[in-house]
Amino acid sequence: MSLSDIFPIDQWNFNTQSILNALSEDDYTFLISKQGVQKYQKGEVIFKEGMVPSGIYFIHKGKIKKYKIGLAGKEQIIYVANKNELIGYHAVLSQERYPDSAATLEESVLTFIPKEDFLSILHQSPAFANRLLKALSHEYSVLANSISIFSQGTAAERLAIALILIREKSKIETPEGEETIINISRSDLANMAGLAKENVIRLLKEFKSEEIIRTEGRKIWVKDIAKLVSRSNYK
């Protein structure tokens, strides 16, 4: 059963990989391949909210959380980016400081792209510019959906959707024929769902007793995606 048959995943997920598909081979080489790569350990901060941007980042491997810190000091994860995605371009395009922070959820490999190179390709490639504009429009719709559910949904509904989204992201680097593993700390999962860690632990036990998921340490496998979608109560 395909997830898209029972849940409108495109309304909740965006991926900047399609933007790069608009680049010619030469432009891709100029933007990505000529730059060096840098390895980041789990938990490393890539940029912080309020910093002046000097470029954007391309993810070769791993998962990156974009997050904001609330008034009470609580972290709220607003998006998880992974392989073949770009991050940091909003601040470069708006010529403002970073509106959020980014850190690794796992060991990751990234390329830093100076803003001059990014803007140069953007100006000389109308197809790239159009794809980026379309992606930004879609991002707005995705974030509007997220705000709606995470401000009005129950704890179980919010956790179910967070699991659906992170499972979809985890599929990207899962070898064909293997089960998708959600490898995420309970704290990060709580910050995705906007819940207390204790609530997440309790609800995961409920989902496990209902045979929706199985767990091993911090790893989570979805056994019944249809039941998980039902738990999300998405209309």
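This is a predicted model: local features need pLDDT of at least 70, side-chain atom pairs count only at pLDDT 80 or more; totals for chains, interfaces and linings use all residues.
Reader: Ok, back to H8. How many of its residues are buried?
Author: 7 of the 8, so H8 is largely enclosed by the rest of the structure. Buried means under 20% relative accessible area, exposed means over 50%, and partly exposed is in between (1.4 Å probe, protein chains only). The buried ones are Arg186, Asp188, Leu189, Ala190, Asn191, Met192 and Ala193.

Reader: Let's take Asn191. What does its side chain pair up with?
Author: Asparagine 191, which sits in helix H8 (residues 186-193), makes a side-chain polar contact of 3.4 Å with glutamate 75. A polar contact is a pair of N or O atoms within 3.5 Å; within protein, one must be able to donate a hydrogen and the other to accept it, and residues adjacent in sequence count only if both atoms are side-chain atoms.

Reader: And which residues does asparagine 191 touch?
Author: Leaving out residues up to four places away in sequence, asparagine 191 touches Lys74, Glu75, Gln76 and Ile77. Contact here means heavy atoms within 4.5 Å. With a relative accessible area of 11%, asparagine 191 counts as buried.

Reader: New topic: how many salt bridges are there?
Author: A search of the whole structure finds 11. A salt bridge is a side-chain nitrogen of Lys or Arg within 4 Å of a carboxyl oxygen of Asp or Glu. Side chains of opposite charge can pair when their charged atoms come close.

Reader: What does lysine 63 form a salt bridge with?
Author: With glutamate 106, and their closest N and O atoms are 3.6 Å apart. The pair links distant parts of the chain, 43 residues apart: lysine 63 is in strand S4 (residues 63-69), while glutamate 106 is in the loop between strand S7 (101-104) and strand S8 (108-114).

Reader: Is lysine 63 buried or exposed?
Author: Lysine 63 counts as buried, at 10% relative accessibility.

Reader: What about glutamate 179, which residue does its side chain meet?
Author: Arginine 214, in a salt bridge of 2.9 Å, N to O. Glutamate 179 lies in the loop between helix H7 (155-171) and strand S9 (182-183) and arginine 214 in strand S10 (residues 213-216), so this pair ties together parts 35 residues apart in sequence. Glutamate 179 is partly exposed at 47%, and arginine 214 is also partly exposed, at 32%.

Reader: Why are glutamate 206 and arginine 202 separated by about one helical turn?
Author: Because they are 4 residues apart in helix H9 (residues 197-209). An α-helix has 3.6 residues a turn, so residues three or four places apart point the same way. The side chains of glutamate 206 and arginine 202 meet in a salt bridge of 3.2 Å, N to O. Glutamate 206 is partly exposed, with a relative accessible area of 27%. Salt bridges that share partners join Arg202, Glu206, Glu210 and Arg231 into one network.

Reader: Switching to glutamate 157: which residues is it in contact with?
Author: Leaving aside neighbours within four places in sequence, Ile149, Arg231, Ser232 and Asn233. Glutamate 157 and asparagine 233 are 76 residues apart in sequence, yet 6.2 Å apart in space, C-alpha to C-alpha. Glutamate 157 is in helix H7, and its side chain reaches the backbone nitrogen of threonine 154 at 3.0 Å.

Reader: Is glutamate 157 buried or exposed?
Author: Glutamate 157 is buried, with a relative accessible area of 14%.

Technical notes:
Residues are numbered from 1 along each chain as its sequence is written. Side-chain values use heavy atoms; hydrogens and water are left out. Helices (H or I, at least four residues) and strands (E, at least two) are DSSP runs, numbered from the N terminus.
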